[in-house]
Amino acid sequence: GAAVQLQAVQTLLKVDPASAADELGVARQQLKDGLAESRRAISMLRASSLDELGLVAALRQAAELVATRAQLLLEFEISKLPHLTEVQEQAIFRIMTAAINNVERHSEATRMKIKLIQTDGQPALIVDDNGVGFDADGIPPSNRYGLVGMRERADLINADLYIESSRASGTTVTLFLPEPSI
């Protein structure tokens with residue numbers, strides 16, 4: 001790749017400056033191509049439904065899909081929120097989808113509530129189910145990817161994530177976003 005090309009430039013500079021310039025052009029193009037590919041990959045990480053529908057409609061669509069598949073009664077509440085950044089919207093969407101996928105796969109719930117509200121001026125996402133619950137300490141490390149991913153996304157946006165669950169009492173995932181600066 002580009003590192004090899006740059007090594008060739010260094011070698012050729014003293015012996016054949018014209019060839020060194022050609023090699024430098026090849027290396028420059030490889031770096032540009034690599035950067036463009038990285039940008040494409042990063043943009044693809046953003047959920048397309050967010051771009052197409054907006055946050056609220058994308059959340060509702062994902063929740064309704066899971067509720068239909070899992071035959072869950074869905075309660076969905078949205079209140080007026082302050083402006084959220086794209087990074088915050090992406091994190092909210094990914095955390096909610098991870099939480100509702102856990103409801104579908106593990107909870108044996110009959111009801112799922114999703115709220116995107118403000119509590120004391122602080123935006124919050126709440127995903128709650130009436131399923132069997134779980135003991136977080138009893139989950140083997142190999143099965144914690146969803147929980148770890150939710151925590152990492154919360155950390156990315158400086159949000160606080162709380163997961164409350166116990167056997168036979170369901171699970172509540174709450175994400176508190178930082179209060180908007182004035």
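Predicted model: local features only at pLDDT ≥ 70, side-chain atom pairs only at ≥ 80, totals over all residues.

User: Why is the contact between the side chains of R111 and D128 called a salt bridge?

Analyst: The term requires a side-chain nitrogen of Lys or Arg within 4 Å of a carboxyl oxygen of Asp or Glu. The N to O distance for R111 and D128 is 3.2 Å, so the pair falls within the 4 Å limit. The structure holds two salt bridges, and in the other the side chains of E104 and R69 meet at 2.8 Å, N to O.

User: What makes the R111 and D128 side chains a polar contact as well?

Analyst: A polar contact is a pair of N or O atoms within 3.5 Å; within protein, one must be able to donate a hydrogen and the other to accept it, and residues adjacent in sequence count only if both atoms are side-chain atoms. The two side chains make such a contact at 3.2 Å.

User: Why is R111 called buried, whereas E104 and R69 are called partly exposed?

Analyst: Buried means under 20% relative accessible area, exposed over 50% and partly exposed in between (1.4 Å probe, protein chains only). R111 has 17% and is therefore buried; D128 is buried too. E104, at 28%, is partly exposed, as is R69 at 48%. D155, which lies in helix α6, has 55% and is therefore exposed.

User: How do you know that Y162 and F176 form an edge-to-face pair?

Analyst: Rings of Phe, Tyr and Trp (its six-membered ring) pair if their centres lie within 6.5 Å; planes under 30 degrees apart count as stacked, over 60 as edge-to-face and the rest as tilted. By this rule the count comes to one aromatic pair. The centres of Y162 and F176 are 6.0 Å apart and their planes stand at 70°, so the pair is edge-to-face. Y162 is in strand β4 (residues 160-165) and F176 in strand β5 (residues 171-176), 14 residues apart. Y162 is partly exposed at 41%, and F176 is partly exposed at 23%.

User: What makes a group of residues a nonpolar core, and which residues have the most contacts inside the largest one?

Analyst: A nonpolar core is a set of buried Ala, Val, Leu, Ile, Met, Phe, Trp, Tyr and Cys residues joined through side-chain atoms within 4.5 Å. The largest has 37 residues, and I92, I114, L125 and L175 have the most contacts inside it. The elements giving two or more residues are α4, α5, β2, β3, α6 (145-156) and β5; α5 gives the most, with eight residues.

Notes. Residues numbered from 1 in each chain as written. Heavy atoms only, no water. Helix = DSSP H or I, 4+ residues; strand = E, 2+ residues; numbered from the N terminus.
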